[in-house]
Amino acid sequence: MKNRTVMIKNYFKTAFRNLIYNKGYAFINIAGLAVGIAVCILIFIIIQFQTSFDGFHAKKDRIYRVLSESHRADAGGISYEKNVPFLLPDGLKTAFPQLEQVVPIYASHNDELQILDDNGTPVKNFKEQNGVFYTSPTFFNVFDFPLLSGTYESLKDPNNVLLTKEIAETYFGDWKSAVGKTIKITGYYSMGAGLFQFPATPLKVSGILATIPPSTDFQLKLVIAYGTNFTGDKQYGFQQPNWNQSTPDFGCYVLLPPNISADNFNQQLKGYASKLQSVNQKGSYILQSINAVHHDAQTGNYSSKTISKELINVLWLIATFILLIACVNFINLSTAQAVNRAKEVGVRKVLGSNLLQLQTQFLVETFLVVVSAVVLSILITVLALPYANQLLELSLSFNTFSNPAIILFIFAITIIVTALAGFYPSIVLSRLNPVNTLKSKLKASTTKGVSLRRGLVVFQFVIAQVLIIGTFVILEQMDYFMNQPLGFDKNAIVNIPYRPDSTGNNLTDYLKQKLLLNGVQAVSFNSNSPIEENNNTFTKFKFDHAIKDADFQAITKFVDDDYVPTYKLQLVAGKNLKPSPFTQEFLVNESLVKSLGIKNLEDILNKEISIMGGLIKCPVVGVVKDFNDRSLHHGLAPLLMATNSTMYRQASIKLPTVNIASTMQTIQKIWEQTFPNYVYEYRFLDEKIANFYNQESQLAQLYKICAIIAIFLSCLGLYGLASFMAIQRIKEVGIRKVLGASIANIVYLFSKEFIILISIAFLIATPLASYFMNQWLQNYAYQVTIEWWVFASAGFIALLIALLTVSFQAVKAAVANPVKSLRTE
Amino acid sequence: MLLNLKNIYKWYNVGGNRTFILKDINFEVQEGEFISIMGPSGSGKSTLLNIIGMLDEPNEGTYNFLHENVFKLKEKQRAQLYKQYIGFVFQQYHLIDELTVYENIETPLIYQDVKTSERKALVADMLDRFNIVGKKDLFPNQLSGGQQQLVGIARALIAKPKLILADEPTGNLNSKQGEEIMQLFKQLNTEGVTIIQVTHSEKNAAYSSHIVNLLDGVIKR
């Protein structure tokens, strides 16, 4: 027993000394592994965060979101959306008393909030783009968001609001003093195609919610009692008894009782929907488990952040491969070191060490290296995490205490890497023949491993090149997104939120005049920009006095007569809208005409279109050339445009080519004078468009970083292999030099081999990458074709970097004095 | 005169002490000579040979080869000089294990940019001359020591050097093989090739026209 501890101590001692003696190798090994492991830990933290969304609710297994299943011409069959009709929550409650909870929820956007002091005079203005929700107390019976003060029940009464601690602090300085205070809210709500303004409404702060964790798609800021304002309005709002359409941002969640399965309930739901719907509607409803919500990019969610399961799998794959590359490096470097260790092995064997003891010794050494690498990788992770957060717009933390899974993961990785990286070298090293090693005749016993090592290098470079190609393809697609002509002018156009008043066109005319006097090129007031991502409102419509709705829905935009010239839209038939504060005419796009099956564009002119259940009925006066009315993730959709001054939410201003900064200041002045109670904001259209592709640009960044790390790690391995070959071929190099070989000859001798290896890797990587990237491109309605130069440059980059790495060793070998290597002893 | 060495010193610094390997070597070789350098182990024989072969440099002294001051030449010119005029033969033959007999002999010509057709003719001549045509496709480890050294000499001669430097060429061979190699050297010498060999053996030294005795880095007269 005592012997054994001495032995183990001895293992650690020699292992430690070996690392110290071979500082260079140890450094490369530890650094390489540490980078690989750090990437793994980072990706693990990211994935863990992304898959933990809304996992903290105690009843999470029984919480479901109700999705509308509908049929749209452009989606090619069934499509799902998170929006439901206002009446659905109440309908479900009545029809299915067995449901434990039914939660209506409306996510409001761009609300203006005014803080009032005790006398009722305004103190401060705030604007919340999102985070304002209207819901009932049942929400908190389903989801776990603890209260710091007040009660959930207060949400039963209209005009009560719960604030989160952070918001309360922003608004009132101290959250404890916020309770009982009054906030005035102004905003608008969507119903069908329309955006309706509601009057300023005072809200009473009835409670404070604890900090909302980042891992939920409900990023609550203000939770307003359902029934407040339009949500309780029977005439114009959400309680309209005959409103049967789903509406943007209105959703429904249910809590199933434990004894009913989702499949079972979905069956009943189908029956319910078929009874409910009128004849021409083929829609239905379906439950979606809460844990799928964050991964459903198609339907989206209230945080507008989703991550698909595919992307999570790709991340796992990248993490695994990068870890493998790092392990391969270790194997390459350690077996290469066999040359240096051979004598030690020989001596140990002669002294009576057996195979197992030697293997254990080398494994202990590997273990020490891996442990050091893990420690270093934790440091790297902690340092890199802020950058990852910035890049991915997340708030991840490396908190091992609150997250035992990370400790487990790191522990597992230590064991796995030790096994993966240490096993093979320990066998190779321990099998060295003592007679040969003591005579320094290493050739026969070590060359065997070379083909394996070559295979490993090919493997590394396949991964590296796939990642490089992937990066290029994503960048190319991004470039396409950014530079593709969209069919309208997007340059130097700034959008500024606008509040309509009841004076019809008076306010817009006044502002237009003032702006044009100050040198802007054009101004248009409208509800939406020509291109939108999530902000499009689809509407059902009847064409030419038809009894049934058309079998597809169209995007509606309310725009004034200056929209067409400001955005330089092209009219291909008929004429532009005439100026009017009301809706009197429609403009449509070519795609709508085609979708209706009309061949000649002129034929649609003067036909009537009716929307919002017959509330608006007008003739079509013109057809615009198709432009991209949705982000390039999707194809373009049929479009309806009409004037209506109460629907305008923004001013689109085409700036002059010079003096942009001073013009912007003038605009701000005009706005602040006209709307003293509102926060001034502006946004350039091209920036807004760039933002549509945020996820792609993040993905491109991620790929780029992974590709760089993969290349870096592969080159570390290559460096190891090259130095191994330099040692192994030292005699040959000496002879060749004596025979007259120049340094260039020798460098070529080394490089040739690696050129072949990387070429093989290239041949494998190209079809692989082309397959995967084509799969990825399938997600987009508009795709680039992968050009040959993408592959060529990926191969070239890999080759170039590899040759640079190799030539360092090659030159070292080539300039060495042959006398030393050929010395006769 | 083929070459001469003047006041050659070579030393190592070991722990502040200067250990001389060669001390004031003055040495002249005429074309057509056959010189043996003799001396006990560690006397500096191989170092001297390496300096003559331009593989090593002394710390002091001048070296003229064909009236060129070798150490004043640029690396490239020096390489050109020894590629053209000097062939090496080693005790351990130093054939390249991965190459066949034919390829081993051909290698120096490749490095001198000789054309393929010419290379073929030259190698064929050499194989013929040494009677190893039948072995041209074999690898070094398929040959006996004597045969390997024959290939080594053929490789040294392929570029038609004026000077052959041989470091214990028979050191790893049995006496019969050794005798054959020495006979070959003798013959080459009569054909006009200058030979400098390092040897331990009096018998081998007897083939030469001139013997240089080296002891502790100094030439004994």
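pLDDT is the predictor's confidence in each residue, on a scale from 0 to 100. You are working with a predicted model, where local features need pLDDT of at least 70 and side-chain atom pairs count only at pLDDT 80 or more, while totals for chains, interfaces and linings use all residues. Residues are numbered from 1 along each chain as its sequence is written, and chains are lettered from A in the order in which they are written.

**Exercise 1. Work out what average pLDDT chain B has and how its fold is built.**

Step 1. Start with confidence: chain B averages a pLDDT of 89, and 100% of its residues score at least 70. For the model, ipTM is 0.81 and pTM is 0.79.

Step 2. Next, list the elements. Chain B has seven helices and 10 strands, where helices (H or I, at least four residues) and strands (E, at least two) are DSSP runs numbered from the N terminus.

Step 3. The C-alpha trace of chain B spans about 55 × 40 × 35 Å along its principal axes.

Step 4. Finish with burial: 38% of the 221 residues of chain B count as buried. A residue is buried if 20 or more other C-beta atoms, placed from the backbone, lie within 10 Å of its own.

**Exercise 2. Find which helix of chain A gives the largest share of the side that touches chain B.**

Step 1. Count the residues: 13 from chain A and 18 from chain B take part in the contact. Two residues are in contact if their C-beta atoms, placed from the backbone, lie within 7 Å.

Step 2. Look for elements of chain A that give two or more residues; these are helix 20 (730-738) and helix 23 (818-821). With four residues, helix 20 of chain A has the largest share.

**Exercise 3. Describe how domain 1 of chain A meets domain 3 of chain A.**

Step 1. Locate the two. An automatic or database domain assignment supplies the bounds; among the domains of chain A are domain 1 (1-53 + 306-441) and domain 3 (462-482 + 694-825).

Step 2. Their centres, taken over C-alpha atoms, are 23 Å apart. In the contact, 18 residues of domain 1 of chain A meet 16 residues of domain 3 of chain A.

Step 3. On the domain 1 side, helix 8 of chain A gives the most, with 10 residues.

How values were computed
Buried ≥ 20, exposed ≤ 12 C-beta atoms within 10 Å, placed from the backbone.
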